[in-house]
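Please work through the exercises below with the sequence and the 3D structure at hand.

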Amino acid sequence: MLVSEWKYLLKHRMMLVVLLMIALIPAIYCFIYLASMWNTYGKMANLPVAIVNHDQAVNYQHRHLAIGRNLTTNLVKSQSLNFKHISARKANTGLKSGKYYMVLTIPTNFSKDATTILSAQPKTMALYFKFNSGQNFIVSKMTSGAATAIKAKVSAQVTTLYTQIVLNGLGAAKNGMVQAALGGAALTTGSQKLLAGESQLNSGTTALSSGLNQVKAGNDKLLQGNQTLTNGLTKLTSRAPQLAAGQTQIQNSLVKLRQTTQPSSAADLANLLASSQQLATGFKVYTQGVTSLASGNANMGQGLQTLATSLPALQKGSGQLAAGTQTLTQGTQQLLTGSQTLTTGLTAGVQKLQILHTTSLNATTMAQPVKAHSSDIAKVPNNGTGMAPFAIAIGLYVGGIAIGTMYDAFLPHKKPKYALTWWGSKASVVGLVGILQAVLLFWSLTQGNHLQVAQPLQLFLVILLGSWLFLSLIFALRLLLGGFGTWLISIVLVLQLAASGGLYPTFLVNHFAQSLNTWLPMTYLINALRSVISTHQALQGDIWLMVLIMIGLNLAIILRFQLSLHRFAEFAS
C-alpha cells in the first residue's frame, strides 16, 4: 500500500508540485502577515496627527507662561507621533479625509487658566482631542493613549510650576518666621524690662501715695499754725495805733520836758529825745514789717488752703495711678507670657520648616512623587513576535485545509488488505507534507521575519506537532463526515479564530467563546508556541494534550478505513 501510493505520486508529478506549493502556504502566510505588522508600535512616529494652538501667553508670578506654545514645540520635536502644527480648518479637513488620525486643539485661555489654580475660582485647563475611529479603530486606541500621555505630561508641568510657587512661599514664610521669632524674643526681653520698670513705678506710686498723706497731714498743721499766726498778727495790727499814740505822747512829753529842764540835764534829755525818735522810726519799721508779715501770712494761708483743696484730688489721682500701674503690670505679665509662647511656637515652626527644602528638584519631585518601576517577566521585543503564535496556528490550519482539498486521503491505489497499512500509505504522504510545512515555516520565521527564540529546535518540534495535529483534524472530519465534514472544517476555523485566545485573553471575549476555549486544539498549540517564543513556561501539558488528540483522530481514521474494508469485501463478494 505504501509503495503503490508513492508510485502513483511519482507517476503524477504535478500532484507532487501541488503538494509542495501547498506546503509553502503556512510559510507564505506567516511571512507576509507578520512582516506587515512586525514592528507597528515602533513606527508610531510616522502616524500623522495635527496640533492647533490658539493659546495666548500670560505673565504670572514674575514668570512668562506660554504653555500652549511650549507644548506645541515639544510635541512637534518629539518622536512619539508625527505632529503637524497647522490651522484649525486644515486640521478638521484632514481628520475627516483620513489624512490625520487625531487633532489636538489648545484653546485661547490655556495658559491663563493655569494661573487660576491657586485663586478663589480655579479653572481646569482644557485640551481638546478629536479622533476618527471609523478611519481605523486600532489607531484611534493608539492615539487615545498618546492623548492620555500628553494630558499627564502637561498636568505634571503645571503641578511643578505651582509646587515651586508654593515652596517659594514656604521659603519666604520660613524667613519671615525667623524674623518673627527674633522679634518675639526681643519682645520678651522688652516685656521683662517693662515689667521691671512697672515694678519700680508701682513702688514709686506707693511711696507717692504715702508722701501725699504726709503732705496732707503737714499741710493741716501748717494751716492751723497759719491761722494762729494770723490771729496774733491781727491783734498786733489792732494794737499798733495805740502804740503809735503812746510813742507820740512820749515824744511830745520829752519835748516839753526839754523846754523846762535845766541846761545841765538838757544833754541827757536830748539823748533821750533822740532815742525816742529812733524808737518812733523803729516802730514805724516794725509796723510795716507786721503789715508785710500779715500780708505774706495771708497769702501763705491762701496757698495752704489751695493745697489742702487740691490734695484730695491729687491723692485720688495717685490711687488711680497705683491701680493703673497694677493693671499695667498684669497686662505686661500677660504680654510676657504671650510673647514667650509666641517665641516658642515660632522657634518650633522655624525648626520644622528648616527641614523643608524648596529647590526646583523638590518641586519636580512633589509634582511627580511616584516613579513607576515596571518589569516584564516575558518581554516581547515587537508586535510581530507577540502575534507569531496566532499567525503560525492560522497558517498551519489554512495549509491543512489546502492539503485536505487537493489530496485524496481515502481512495487507495491498490486494493487494501489491512486498515493500518491503508492508513500508513496515506499518512506517509500527509505526514511528509506536514514535515515540509514545518520546515518551510520555521525557515521563513527565523530567516525571513528574524524571529528570535531561545530554543529553536523546540520551536520547530512544536510547529511540526501543530502541523500534524491540524492535518489529522482536517482529514478526520473529511473522512468521517464527508461533505458535512468539509463544511465543518471551515466552521472549526472560525471558532478557533474567535475562541482560542490568539488575539484577546478569554477574560475579554463573550461567554460562548470562553466555553469553547478548552475544547479547541488551536488553544493548546498557541499556548505551546507562546511558551517557546516568549513566556518560557512548562509546555508538557499542552504537548501531551495535542498528542492525545492527534492519536485519537488517527485512531478514528483507522476505524473509518476498517469499516471501509468490510464494505470492499461485501462489494467484492
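This is a predicted model: local features need pLDDT of at least 70, side-chain atom pairs count only at pLDDT 80 or more; totals for chains, interfaces and linings use all residues.

Residues are numbered from 1 along each chain as its sequence is written, and side-chain values use heavy atoms, with hydrogens and water left out.

**Exercise 1. Describe the order of the strands in the four-stranded open sheet, and explain which strands stand at its edges.**

Step 1: Helices (H or I, at least four residues) and strands (E, at least two) are DSSP runs numbered from the N terminus, and two strands pair if DSSP finds at least two bridges between them. On this basis the four strands follow the order β4-β1-β5-β6, and their pairing is mixed.

Step 2: The edges are taken by β4 (82–85) and β6 (128–131), each of which has a single partner strand, so one side of each has no neighbour in the sheet. From one strand to the next, the twist averages 20 degrees.

Step 3: Strand β1 (residues 48–53) pairs with strand β5 (residues 102–106) in the parallel sense over four bridges, with Ala50 opposite Val103 and Ile51 opposite Leu104. The pairing of β1 with β4 is also parallel and has four bridges, and there Pro48 has Asn82 as its bridge partner.

**Exercise 2. Find out how far β1 is covered, and which helix lies across it.**

Step 1: A residue is buried under 20% relative accessible area, exposed over 50% and partly exposed in between (1.4 Å probe, protein chains only). Five of the six residues of β1 are buried, which leaves the strand mostly covered.

Step 2: Helix α3 (residues 67–77) lies across β1, β4 and β5, and runs at about 160 degrees to β1. Axes here are lines fitted to C-alpha atoms, for helices over the stretch in contact (heavy atoms within 4.5 Å), and angles run from 0 to 180 degrees between N-to-C directions.

**Exercise 3. Is Asn449 buried or exposed, and which residues does it contact?**

Step 1: Asn449 belongs to the loop between α10 and α11, and with a relative accessible area of 5% it is buried.

Step 2: Leaving aside neighbours within four places in sequence, the contacts of Asn449 are Cys30, Phe31, Leu34, Ala35, Trp38 and Ser444. A polar atom of the Asn449 side chain lies 3.4 Å from the backbone oxygen of Phe31.

**Exercise 4. Locate His450, His536 and Ile377 in their loops.**

Step 1: His450 sits between α10 (419–448) and α11 (456–481), and although it is not a glycine, its phi is positive, at about 60 degrees. His536, in the loop between α14 (521–535) and α15 (540–572), likewise has a positive phi, near 55 degrees.

Step 2: Ile377 is found between α8 (360–367) and α9 (383–406), and counts as exposed at 83% relative accessibility. Its C-alpha atom is 9.3 Å from that of Ser534, although the two residues are 157 apart along the chain.

Terms used. A polar contact is a pair of N or O atoms within 3.5 Å; within protein, one must be able to donate a hydrogen and the other to accept it, and residues adjacent in sequence count only if both atoms are side-chain atoms.
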